[in-house]
Amino acid sequence: MTLDLYRTTWGIEEAWETLLPRLAGMGYAGIEAPLIHLQRHDPDGALLRHNGLRCIPMLFTEGDDPAAHAASFRTQFEAAVAYAPPVVTCHSGRDRWSDAEAERYFARVLAIEADFDVPAAHETHRGRILYNPWTTARLLDRFDGLRLCADFSHWVCVCERLLDGEEAILEACAGRTAHVHARVGYAEGPQVPDPADPAFSAELEAHERWWDAVWADQKRRGVATSTLTPEFGPPPYLHTAPHTGQPAADLWSVCAWMTDRQRSRFNARYPAP
């Protein structure tokens, strides 16, 4: 099993004509970006292909009810698969929905996914259906085909703890994860200021245990290539100083540090033959 690392374009204002060759030179397999940004900056994917990069499009469903959100998913997903991505990530539905509404949404969406060869990974994101461990666990039990974009930093924030006592749910999630967002959250927020800061060593170690479990399960399932995005974001996700708005850390350096660390950790566990 190999690891492909993708760089989020979140918080980057550099023109893609210079950004993409720089990312290729850093060893990234591609970028992860909202579909609308891909359509704006590289509508036919030619710039990505020229630089030998792939992309993971991000979708954001919209509408007044589950049917509308599912229709929104279909429109975006059909456009996203044209980029031939390894996976498509999606912010699905609304956190306020009942279990019945969430089930209606996923019943429609998984039927749509079945028409394509590209997997969709539904993110464990605040404000969306999968915003907490327990709703997610119920839906994983209900839908065998439901796959996740595992961003556990959101759950740490929602639950205000490092998910103590939820090992069974985390194990179930590992078995369904199609893509990882490697951001570190803490009890009071979805992003620590700097994951290299020893003050957040417990948070970093916990998230890495969960990512290790994903890798181990993917290896067991025979997954050939695991994908991961170090998805740290700009302010207000990135802490800033009061009054000045000065970022507490350099976003580019934070993402690079996490990229290098997870590449090294993965290669130590799954060395190339």
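Tutor: Happy to. Let's begin with helix α6: the cover over its buried residues includes α5 (99-113), β6 (148-150), α7 (152-159) and α8 (167-174). This is a predicted model, where local features need pLDDT of at least 70 and side-chain atom pairs count only at pLDDT 80 or more, while totals for chains, interfaces and linings use all residues. Residues are numbered from 1 along each chain as its sequence is written, and side-chain values use heavy atoms, with hydrogens and water left out.

Student: Which residues of α6 are buried?

Tutor: In α6, which covers residues 133-142, they are P133, T135, T136, A137, L139 and L140. Buried here means under 20% relative accessible area, exposed means over 50%, and partly exposed is in between, with a 1.4 Å probe and protein chains only.

Student: And what happens at the start of α6?

Tutor: There, a side-chain oxygen of N132 comes to within 2.8 Å of the backbone nitrogen of W134.

Student: Zooming out, how many helices and strands does the protein have?

Tutor: Ten helices and eight strands. They are DSSP runs, numbered from the N terminus: helices are H or I with at least four residues, strands are E with at least two.

Student: How much of the protein is buried?

Tutor: Buried residues make up 54% of the 273. As for contacts, meaning heavy atoms within 4.5 Å, take those between residues at least 6 apart in sequence: 77% of them join residues at least 24 apart.

Student: Now charges. How many positive and negative side chains are there?

Tutor: There are 26 positive and 38 negative ones, and the centres of the two sets lie 3 Å apart. Lys and Arg count as positive and Asp and Glu as negative, with His and the chain ends not counted. Each charge is placed at NZ of Lys, CZ of Arg, CG of Asp or CD of Glu.

Student: What does the side chain of D212 make a polar contact with?

Tutor: With the side chain of R265, at 2.7 Å. A polar contact is a pair of N or O atoms within 3.5 Å; within protein, one must be able to donate a hydrogen and the other to accept it, and residues adjacent in sequence count only if both atoms are side-chain atoms. Leaving aside neighbours within four places in sequence, D212 is in contact with R265 and R269.

Student: Nice. Where is T177, and what does T177 touch?

Tutor: T177 lies in strand β7 (residues 177-181) and is buried, with 2% relative accessible area. Not counting residues up to four places away in sequence, T177 touches L148, A150, V214, Q218 and R221. The T177 side chain also reaches the backbone oxygen of C173 at 2.7 Å.

Student: What is phi of H243?

Tutor: Phi of H243 is near 75°, positive although the residue is not glycine. H243 is in the loop between β8 and α10, and it counts as exposed because its relative accessible area is 87%. A84 has a positive phi too, near 50°; that residue is in the loop between α4 (66-80) and β4 (88-91) and is partly exposed at 48%.

Student: Why point these out?

Tutor: Because most residues other than glycine have a negative phi, and most peptide bonds are trans.

Student: Last one: where is I36, and is I36 buried or exposed?

Tutor: I36 is in helix α2 (residues 35-41) and is exposed, at 53% relative accessibility. Its C-alpha atom is separated by 25 Å from that of M26, ten residues apart along the chain.
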